[in-house]
Amino acid sequence: MDLIIRNAHLPDGRKDLDIGVVGAHIVAVEPRLAATAPTEIDATGQLLSPAFVDAHFHLDATLTLGLPRRNQSGTLLEGIALWGELKPTLTSDAIIERALRYCDLAVARGLLAIRSHVDICDDRLLAVQALLTVKKRVAPYLDLQLVAFPQDGFYRSPTAEQNLLRALDLGVEVVGGIPHFERSMAAGAASVRRLCEIAADRGLLVDMHCDETDDPLSRHIETLAAETKRLHLEGRVTGSHLTSMHSMDNYYVSKLLPLIADSGVAAIANPLINITLQGRHDSYPKRRGMTRVPELLAAGVNVAFGHDCVMDPWYAFGSADMLEVAHMAVHVAQMTSESAIGQCYQAITSNAAQILHLPDYGLAPGCRADMVILQAADCFEAIRLKANRRWVIKGGRVIAESPPQLSLLHLPGRAAMLDFSAIQPPSA
Ligand code: FE2
C-alpha cells in the first residue's frame, strides 16, 4: 500500500475502518488492515469523507467584491448589472489569478471538484480562455468542469449563440442557459429548446440557470424536462436554482414533480444565494426562495447544492466551504431530521458527483482516493461545526492539512483546552 488511513468513520455510519490506497485509487476498506504503508494517518474515529463537490459556481466572478462597487439592493438584477459594469475592465491575468486563489481556498476546504459557469456574453471570450487555462493548471489537484453560460440572455444578447458555440468548440463541456432572463416567456422556452438541441447534437451535458425568480409563473423547468424527454437526454440535464418552485401553486407542483423525476433532470439549489437574493420584493412575510428540496428528493429527483458565489457582485460572503452551504440548506429547508441531514451531506458529495458525471467517486475499492478527514465524528457533527479539515487527499496524496482546531481557555478550575468536536450528545 502507498497510503493507509486507520480508524475512520464513514458518512454511511460505518465505524473504525482502515482504508488502503495504492497509487491514486482505494483498494481496501476493512476493519483492520494487516498491510503497512509509508504514509499512515490515524483518523482516531473522525469522519473520512469523499471530497466535497460544488455543483454550481462562478469562478470568473469570484473574489471581485467591491469592483467597481458593492451591490446596494442585494438583488439578482443589480448583481447582473454590476457584473456588466465590471466585465469590460476584466483582464485575463486578473481572472486567472483570482480563480487560482479561489481554488487554493477550495483545496484547503476539501473541495476537489467544481462545476463553474463561465460567461460567454463577451465577444472576446476572455473569461472562457482564462478559465480553460485555469482548468489545465489545477487539473493535478482539482476537477474543474466548465458550463457555457449566456449571462445576458441566449436570445437577448445578439452574439450569445455564436459565442456559446465558439466556447464549446474551445473545450467548454456543458451547455448553460438563463431562460427567465430572456425578454418573454416564449423566448425563454425557445432558448431552452435550442440549447438542448445543441447539447443533443454535440453529446454534451446541460445545466441551466432556470427560473431564478420569485415569479410562480416562471415555468421553464417544465420545458426543460419536456425537451430532455423529447431529445432523450435523460440523466444529462440539470436545472439550477428553480427558485420559482418555492412560490408555485401546490397543484401545479404536484404535476411538475413527477415530470421532472420522469425526465431524469437533476436539480441544484444554492441555499446561501437563494436565501439572500430571493424575496427581495416581498414585505412580510418574506419568502425563503429556495426550491422545494425535500419534495424533489421524495419524488426521486437527484438534488445537489452549490455555493454559486463567493465575494462577487451577487454575494459578499463565503469561503469555499461546502459545509457552510449544507448548514444553510438544513435551516432554510428545515431538513433537521437525522435522515434529512444525511441527505444534505449527500447533496455536497455523492449527489453532486453524479450530476458532474465524475468517474469513480466514493469510498469503495476502485474509487479515486479523493478524500477529506474532518475533525468531526459524523456527517451531523461535520455540518453542525462546519468542521475543520484535518487532511485533504487527492489521488492518494495529502495535498493540504490543518492543525487540530482547539481553543485555549484561561478559566480557573476548568480544562484548559476546548475541542468542540469532543462534545458528543449523550448516547442512549
Ligand atoms: Fe449561478
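**Notebook: a strand residue, its sheet and an iron site**

I began with Thr-238, which lies in strand β11 (residues 237-241); strands are DSSP runs of E with at least two residues, numbered from the N terminus. This is a predicted model, where local features need pLDDT of at least 70, side-chain atom pairs count only at pLDDT 80 or more, and totals for chains, interfaces and linings use all residues. Residues are numbered from 1 along each chain as its sequence is written, and side-chain values use heavy atoms, leaving out hydrogens and water.

Is Thr-238 buried or exposed? I found Thr-238 buried, at a relative accessible area of 2% (buried means under 20%, exposed over 50%, partly exposed in between, with a 1.4 Å probe and protein chains only).

Next I looked up the sheet. Eight strands form an open, parallel sheet in the order β6-β7-β8-β9-β10-β11-β12-β13 (two strands pair if DSSP finds at least two bridges between them). β6 and β13 (303-305) are at the edges with a single partner strand each, so one side of each has no neighbour in the sheet. I also noted that Asp-54 stands opposite Ile-114 in β7.

Then I turned to the iron ion. Which residues are its protein donors? They are His-56 (NE2), His-58 (NE2), His-209 (NE2) and Asp-308 (OD), at 2.1 to 2.5 Å (donors are N, O and S atoms within 2.8 Å of the metal, or 3.2 Å for Na, K and Ca; water is not among the atoms, so sites may look incomplete). His-58, in the loop between β6 (52-57) and α1 (76-86), and His-209, in strand β10 (residues 205-210), are 151 residues apart and link distant parts of the chain. Both His-58 and His-209 are buried.

Conventions
Helix = DSSP H or I, 4+ residues; strand = E, 2+ residues; numbered from the N terminus.
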